[in-house]
Amino acid sequence: MRVGVLGGGQLGRMLALAGHPLGVRCTVLDPAAESSAGQVCPQIRGEFDDFRALYELARASDVVTFEFENVPVESARWLAERVPVFPPPRALEVSQERLAEKEFFASLGIPTPPFAAVDSRAEFDAAVREIGLPAVLKTRRFGYDGKGQAVLRTPADCDAAWERLGGRPLILEGFVPFDRELSVIAVRGRDGQVTTYPLIENVHRDGILHRSVSPAANTGEELAERAAEYASRVLAELDYVGVLTVEWFQDGPRLLANEMAPRVHNSGHGTIDAAVTSQFENHLRAVCGLPLGRCDAVGWSAMYNFIGSVPPAAEVLANPDAKLHTYGKSPRPGRKVGHVTLRAASADDLAEKLPDWDRQFERAPGT
Ligand code: AMP
């Protein structure tokens, strides 16, 4: 099978690497000269709205997928007229716009933080009155890793946030005093079969994922089942094929949907070293119409992102539990350039080792 991938970042790279043993060959489309994925599989160089490049990708592919959600929906639709495209372009459409996404969750009965559309200063003031402070103002499009958003605690914060973000379509959300952030990664095959990874617990720093622990501790069966059931509603509604991630805020017994990603996800990188089948392999299996693999965790694990630069390999690997993944990207502040996954034999073993791992892989401030 030949899989075309829109996007040549690290997610495309890990998809391509997962494809090799299966005999699935990926080709990525990306504008970057030396993309992360282009170092491990063929790359077509072009913009995502360059129809010549898209045509070339369609010709090189039996099926097309994407590894980031800001691919133009028109490009995905144009490709879908020529070659199967999974996940369906509508999933892109929904996840590209925070308001559409929240309304979509609500339409499926999936709880979200309170939210309101903000298109003018008057609407902003009305939304702040309705939702109250603290709240979070976000751009509706092209927000990722905490970019394009402001936390509002005082009326002065509102003025400053409006100065910075006003004039674009925005959404105001109630600030959730969450106990923790969780994600669920589910995969649906072409035949409608659904399987779900154990819940993952995520810690963000400066809006960027810092650490993911899998399986999340103390979730209880009911919470994990509820998250999986909510994800399956999304999958069914979209007639979805491939890996889908939904990010949650846990507030006591409540699970509130923050956002969804119609793709493999950073919080699932640990599945490469600590699951029976990685999210990357399962995504490829799904889009290629192959049977899905088990999502069970193999032991307990923690994954840490390397932001800005990767520590020397000898330093990382001095920890015998560590598995290092580098993305072939040049160092730059705020850029995801690699990750490490560490495995423990039991929940107790993980709890014992986690403080040391946290210290070893603590992110330097401002990176
Ligand atoms: P996002 O880009 O929407 O995923 O936001 C990035 C991070 O900001 C999240 O992972 C949370 O840590 C925090 N955040 C976003 N929205 C809210 C909210 N409504 N309440 C509390 N924290 C939030």
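What is the volume of the largest cavity? The largest cavity has a volume of about 80 Å³, where a cavity is a set of points, on a 1 Å grid over the protein atoms alone, at which a 1.4 Å probe fits but cannot get out. This is a predicted model, in which local features need pLDDT of at least 70 and side-chain atom pairs count only at pLDDT 80 or more, while totals for chains, interfaces and linings use all residues. Residues are numbered from 1 along each chain as its sequence is written, and side-chain values use heavy atoms, with hydrogens and water left out.

**Domains and ligand**

- The domain assignment, which is automatic or from a database, gives domain 1 (2-85), domain 2 (114-174) and domain 3 (180-360).
- The ligand lies between domain 2 (114-174) and domain 3 (180-360), because both of these domains give residues to the shell around it.
- The ligand is surrounded by 15 residues, the closest being Lys138, Gly174, Val176, Glu181 and Glu259, where a residue counts if one of its heavy atoms lies within 4 Å.
- Among the polar contacts (pairs of N or O atoms within 3.5 Å), a nitrogen atom of the ligand is 2.9 Å from a polar backbone atom of Gly174, and an oxygen atom of the ligand is 2.9 Å from an N or O atom in the side chain of Glu259.
- Of the 470 Å² of accessible area that the ligand has on its own, the protein covers 91%, as computed by the Shrake-Rupley method with a 1.4 Å probe.

**The largest cavity**

- Of the 15 residues that line the largest cavity, those closest to its centre are Ile200, Ser214, Gly270, Thr271 and Ser301, and a lining residue is one with an atom within 4 Å of a point.
- This lining divides into eight nonpolar, seven polar and no charged residues, with Gly counted as polar and Asp, Glu, Lys and Arg as charged.

**The second largest pocket**

- The second largest pocket holds about 200 Å³ of space, a pocket being an open set of grid points with protein on both sides within 12 Å along at least five of seven lines.
- This pocket is lined by 13 residues, and the closest to its centre are Phe306, Ser309, Pro311, Glu362 and Arg363.
- The strand β15 gives the most to this lining, with three residues, where strands are DSSP runs (E, at least two residues) numbered from the N terminus.
- By class, the lining of the second largest pocket has six nonpolar, four polar and three charged residues.

Note on methods: Points joined across faces, edges and corners; volume = space filled by probe spheres on them. Helix = DSSP H or I, 4+ residues; strand = E, 2+ residues; numbered from the N terminus. Polar contact = N/O pair within 3.5 Å; in protein donor to acceptor, adjacent residues only side chain to side chain.
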